[in-house]
Amino acid sequence: MAKLSLNDLKDFRGKTVFCRVDYNVPLDEAGKITDDKRIKATIPTLDYLVQGGAKIVLGSHLGRPKGKRDPKQSLRPCAAKLAELTGGTVNFADDCIGDKVEQMIAGMQPGQILLLENLRFYAEEEKNDAGFATKLAKGMDIYVNDAFGTAHRAHASTAAVAELVKKRGGKAAAGFLMEKELKYLGGVISNPTRPLLCILGGAKVSDKIKVIENLLNIADVILIGGAMAYTFRKAQGYSVGKSLCEHDKIDLAKSLLEKAKGKKFFLPEDQLQTTEFKAGAPTRNTDGPSIEDGWEGVDIGAATIETYKKEIAKAKTIVWNGPMGVFEIPDFAKGTFEIAKAVAQATKNGATTVIGGGDSAKAVKAAGLAKEMSFMSTGGGASLEFLEGKPLPGVAALSDK
Ligand code: AMP
């Protein structure tokens, strides 16, 4: 069922809106924000609410304070940054619940923004505690979630607060950022223009079992890369040298290979191998899927790159999760970067291309191609769980359209 979007709500006059944002920004030693893109990304949602005359109460987490107050993980710098970016006033409450916060909210004027202190200073936040959520939801008429990165967690601010607002007749809507995530990731899962091609890489098969299982049911083509390919190749009887390989997951890999029978499920036909896991170490392309004794695989090989590029060029929808090799070391980055280039080209040719968050997004950025993709997800864990076909609690809690 499609979820209510902020666009479906028009008039916020006289309403107080609780808006869950993701201001989990990196801070340096002096507490200065080193990358403000998460704050910038919420501005369209905030502008819309301000123009609609809402009183806007922002809630977020920052870091992992584990239920304790920690000045180093305060959201205070984010209030100043948001004020600087919007050119307006942003008030800050040095707590997220309690009498003082309630008074501040009661004194707000339409169009004003109040940022609450780190929700995770209370352990109850991550426990989705009903009492804590009741305090957070006090006086809130509308709930908006613009924090896709935490939507896979049922926390008080992502789940219970939305439920409470709905229970008292209010609406719970997706902010513009969240809406974009649902549109692109949802489009891959439920209504892709075919052929749908999925590129899966990264370190471990075990992290991506459910994604592979789900995508085997949906995708027309699956391309596998990264160290997870070695576990599959080992399961087929090839040698993997001293590569990263989940030797205890061979049976699992065998069962996935069984499920993939009859499907276009590609494993690398060759690999780039090295004697040492460091820049400048000798490298050599393998002759086939096997890796030699004393060597370890660090990237997909030259023939694989060509095969994968041809498949990518035929796709109309592409979703990519996990790098093809150890892209962090330039000597081992070629496979990942060539695939990124091919996906960028596919986008130019009209394909819809969706990059999962986390390492895949990092790799595409490192390749300098972030702007060439249709959409880059902001949520690593959340995008993975979405691709697994799991309902995300933070999305499930929103009102239906
Ligand atoms: P994941 O978080 O599962 O997507 O894994 C991403 C990590 O897998 C990156 O840090 C890559 O460096 C790493 N990786 C990819 N291919 C290999 C490989 N062949 N050997 C070791 N690590 C790899």
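# Close-up views of the predicted model

A polar side-chain atom of Asp359 lies 3.2 Å from an oxygen atom of the ligand, a polar contact being a pair of N or O atoms within 3.5 Å; within protein, one must be able to donate a hydrogen and the other to accept it, and residues adjacent in sequence count only if both atoms are side-chain atoms. This is a predicted model, in which local features need pLDDT of at least 70 and side-chain atom pairs count only at pLDDT 80 or more, while totals for chains, interfaces and linings use all residues. Residues are numbered from 1 along each chain as its sequence is written, and side-chain values use heavy atoms, with hydrogens and water left out.

View 1. Lys208 places a polar side-chain atom 3.0 Å from an oxygen atom of the ligand. At Ala227, a polar backbone atom is 3.3 Å from a nitrogen atom of the ligand.

**View 2. The open sheet of six strands.** The strand order is β3-β4-β2-β1-β5-β6, and the pairing is parallel. Strands (E, at least two residues) and helices (H or I, at least four residues) are DSSP runs, numbered from the N terminus, and two strands pair if DSSP finds at least two bridges between them. β3 (90–93) and β6 (172–174) are at the edges with a single partner strand each, so one side of each has no neighbour in the sheet. On average, neighbouring strands of this sheet are turned by 25° against each other, direction ignored. Three bridges link β2 (residues 55–59) with β4 (residues 113–116) in the parallel sense. Ile56 stands opposite Ile113 in β4.

**View 3. The open sheet of three strands.** Here the order is β11-β10-β12, with antiparallel pairing. β11 (283–285) and β12 (296–300) are the edge strands, each pairing on one side only. From one strand to the next the twist averages 35°. Strand β10 (residues 271–274) runs antiparallel to β12 and is joined to it by four bridges. Gln271 has Ile300 as its bridge partner in β12.

**View 4. Helices α10 and α11.** Two packed helices are described by the angle between their axes and the distance between the axes. The axes of α10 (residues 228–235) and α11 (residues 250–259) come within 8 Å and cross at roughly 85°. Axes are lines fitted to C-alpha atoms, for helices over the stretch in contact, and angles run from 0 to 180 degrees between N-to-C directions. α10 and α11 are therefore roughly perpendicular to each other; angles under 35 degrees count as roughly parallel, over 145 as roughly antiparallel, 65 to 115 as roughly perpendicular and the rest as oblique. Thr231, Phe232, Lys234 and Ala235 of α10 meet Ile250, Ala253, Lys254, Leu256 and Leu257 of α11, where contact means heavy atoms within 4.5 Å. Six of these contact residues are nonpolar, one is polar and two are charged. Ala, Val, Leu, Ile, Met, Phe, Trp, Tyr, Cys and Pro count as nonpolar, Asp, Glu, Lys and Arg as charged, and the others, Gly among them, as polar.

**View 5. Helices α9 and α11.** Helix α9 (residues 209–218) packs with α11 at an angle of about 10°, the axes being 10 Å apart. α9 and α11 are therefore roughly parallel to each other. Ile209, Ile212, Glu213 and Leu216 of α9 make the contact with Leu252, Leu256 and Lys259 of α11. By class, the contact has five nonpolar, no polar and two charged residues.

**View 6. The loop between α8 and β7.** Pro195 is in the loop between α8 (176–190) and β7 (196–200). The peptide bond joining Arg194 and Pro195 is cis, with omega about 5°.
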